[in-house]
Amino acid sequence: MHCSLNSLLCASLALAAIVTGAPTTSSSGKTFTVKQVKNTKFVRNGSLALAKAYNKYGVPLPKELEETISSINSKKRRDDGSATTSPVEGDSEWLTPVQIGTPAQTLTLDFDTGSSDLWVFSTETSPNQVNGQTEYNPSKSSSSKKLSGATWSIQYGDGSSSSGDVYTDKVTVGGLTVSSQAVEAAKKVSSQFTSESDLDGLLGLGFSSINTVKPKQQKTFFENAQSSLDSPVFTADLRHNAPGKYNFGFIDDSAYTGQIAYTDIDTSQGWWEFTSTGYAIGNSATTRKSIDGIADTGTTLLLLPSSVVKAYYAKVSGAKLDNTQGGYVFSCKASLPTFSFQVGGATVTIPAAYLNFAPIEEGSSTCFGGLQSSDDIGINIFGDIALKAAFVVFDGGNNQLGWAAKSL
């Protein structure tokens, strides 16, 4: 399938050369696939998505954005009469079913390449922090074992935290089983997770160096599973307004077009960190600029340096920086250009439709952009807005990321 630069049907990847170091591909043997499911409580909201990124990376919200989030939350309480029975709009639109224990208990988790803990709501979670989530019950699993003395805790930028103790248990994802995986059972969860009633926890796919279990860090599900896979890779084929798919142990050649372009990653901070070498707005020439960033399936937005973001919205009629919303907004009817970034000798083009993220509130004619500034957070984040525009290979064997075009 031929992909043109501006097509909404393809993510355009122009390869500069055939890249060596590609992992072995396979379509049989020790390979596994899992599909995402819809979070039925999801409502798209740009300010909340941005606030979640701030919180995830431990950065306090700017005052005006904090006031906006408080207003959204208070409005939900007024409209619904209860803050705990009617969840605030969430950020996890698509979740993935995971089986834990013997017999299997199915929980829907957010696969997150920007963190390294597998934590879940559990029967140990404070009852007033549970809002319809499925709870992992270790006492009903014959394969669960409490990890003596082990605890975990994740702090967030809004001052909240999630924490608890640790079990090892059988965990299965799409038929791929790790028999003794660290499962972090929550005793306490932050309000942002309580509010998302379809989200039962997170499955971190970063590197174990940022796992929060003490006194001994635990390996991620992927790291534990690598030895049983045909190839030490997993792929993310995320979709716009549709369920995506994760494959483990193989690269599905039918899921992408053209070549896969590989780029080395830096794992020193525990993330899938890579360098983009430039960007382009619409049909304009490429601006050469080195941008270090992380591929993060657990963040919705694309967060880049303010100079890049400012240059993009300069091409959008009427766009303005609205500090109360936390970022750039524009008329929902505005014509947006595409946004492209260079990586591994390839150009990934994000369709304009992805960059018009959502109205700032229900019924509003003002929309929030999918590209926003990373300056306050301090980390450039290639979240789902970017990842949905390509077929992405997370190669743990060669410490590299692969990017390929696909039908969108």
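What is the torsion about the S-S bond of C332 and C367, and is the disulfide right-handed or left-handed?

Author: The structure is a predicted model, in which local features need pLDDT of at least 70 and side-chain atom pairs count only at pLDDT 80 or more, while totals for chains, interfaces and linings use all residues. Residues are numbered from 1 along each chain as its sequence is written, and side-chain values use heavy atoms, with hydrogens and water left out.

The torsion about the S-S bond of C332 and C367 is about 100 degrees, so the disulfide is right-handed. A disulfide is here a pair of cysteine sulfur atoms within 2.5 Å; the S to S distance for C332 and C367 is 2.1 Å. The structure holds one disulfide. This pair links distant parts of the chain, 35 residues apart: C332 belongs to the loop between β17 (327-331) and β18 (339-343), and C367 to strand β21 (residues 366-369). Strands (E, at least two residues) and helices (H or I, at least four) are DSSP runs, numbered from the N terminus.

The two cysteines also have their accessibility assigned. C332, at 25% relative accessibility, counts as partly exposed, whereas C367, at 3%, counts as buried. Buried means under 20% relative accessible area, exposed over 50%, and partly exposed in between, with a 1.4 Å probe and protein chains only.

As for strand pairing, an open sheet of six strands runs in the order β1-β11-β10-β24-β25-β12, with antiparallel pairing. Two strands pair if DSSP finds at least two bridges between them. β1 (32-35) and β12 (257-264) stand at the edges with a single partner strand each, so one side of each is left without a neighbour in the sheet. Within the sheet, β10 (residues 233-239) and β24 (residues 391-395) pair in the antiparallel sense over four bridges, and A236 stands opposite V392 in β24.
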